[in-house]
Amino acid sequence: KVGANWQIPLDRMSPISRKILDLWPTPNNNDVLARNYRFEPGSVPVDRDNVSVRGDWNASSSDNVYVRYVLNDESATTPPIFSNGAGGRLFNLKAWTLGGHYNGVFSPRAVNDFGFGYMHYNNTNLSILSNGTNFHQQVGILNVLAYTDPIFTGTPSISIPGYLGPGEATPNYRTTDNYEFTDNFSFQRGSHALKFGGDFRVVDTNMFYTGGNGGQTFSNRYSGDNFADFLLGLPSTLNKTARATLWDSRLKYYAAYFHDDWKVTPKLTINFGLRYEYETP
């Protein structure tokens, strides 16, 4: 019963609504009758670890090497809306980089700098109920992502204005590997300060991101009451996502340049250069 003037017999409720109603939480708020369920969102605890290490080595008066390692490892847990874990989220991220440079002084007029870098990034964003029970199947909602990928299991997204309904955050994950090599050579010749070099990068990305299972909205379109529309199984809007795709790409970047600072006179210096860049699709 909703309100004071009407009720819907169970035999008139839709089968899906009857099954979802079994999963609906019992009232926990007896002091304010207009609200049958009170939700006080908790804080989002974060566990974060950061590490940074750098080493320098002077091999000789003309050779210097340094290497640096940086790690970022963190996780966060969003408290669920309902006691069964619905609406909660688990987020994990781990990223680390390893890079360094070699500086070589060949002569007072010639210096070379070579650099390299590698970065690995991985994150997952799942609901607490991911890889668990397919509640969509239990209540009879068909042709959604929960049937094809277990990370989409969880409660259906039910929106009823004025009520706190179930639903899950959209799961996704991403893995990226970046590789980079650079080289810069500087040379002083007479009145010219010359510099040229190049940059090469590879970016590998494996990413999964799509819409959720879809959702049903019941907003007072048929019976005169939002919750009555839900009990009758008559949504005002309905959407579904039935297919999810994995996005994979490899991008390459090339760059080369030449630069000259030409001291024409003690009062006149001309700077000119050329740079070429190419990035693959």
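Keep in mind that the model is predicted.

- Arg 48 and Glu 74 pair up through their side chains in a salt bridge, with 3.2 Å from N to O.
- That pair ties together distant parts of the chain: Arg 48 sits in strand β1 (residues 46-60) and Glu 74 in strand β2 (residues 63-78), 26 residues apart.
- Arg 48 is partly exposed at a relative accessible area of 46%, whereas Glu 74 is buried at 16%.

**Other salt bridges**
- Asp 56 and Arg 54 also make a side-chain salt bridge, at 3.0 Å from N to O.
- Arg 275 joins Glu 277 in another one, with an N to O distance of 2.7 Å.
- Arg 275 counts as partly exposed, with 44% relative accessibility, and Glu 277 is partly exposed too, with a relative accessible area of 45%.
- Then there's a network: salt bridges link Glu 180, Asp 199 and Arg 201.

**Ala 169 in its loop**
- You'll find Ala 169 in the loop that runs between β5 (157-159) and β6 (172-189).
- Ala 169 has a relative accessible area of 32%, so it is classed as partly exposed, the range between under 20% for buried and over 50% for exposed.
- Gly 87 lies 82 residues away from Ala 169 along the chain, yet their C-alpha atoms are 6.7 Å apart.

Methods
Residues numbered from 1 in each chain as written. Predicted model: local features only at pLDDT ≥ 70, side-chain atom pairs only at ≥ 80, totals over all residues. Heavy atoms only, no water. Helix = DSSP H or I, 4+ residues; strand = E, 2+ residues; numbered from the N terminus. Buried < 20%, exposed > 50% of the residue type's maximum accessible area, 1.4 Å probe, protein only. Salt bridge = Lys/Arg side-chain N within 4 Å of Asp/Glu carboxyl O.
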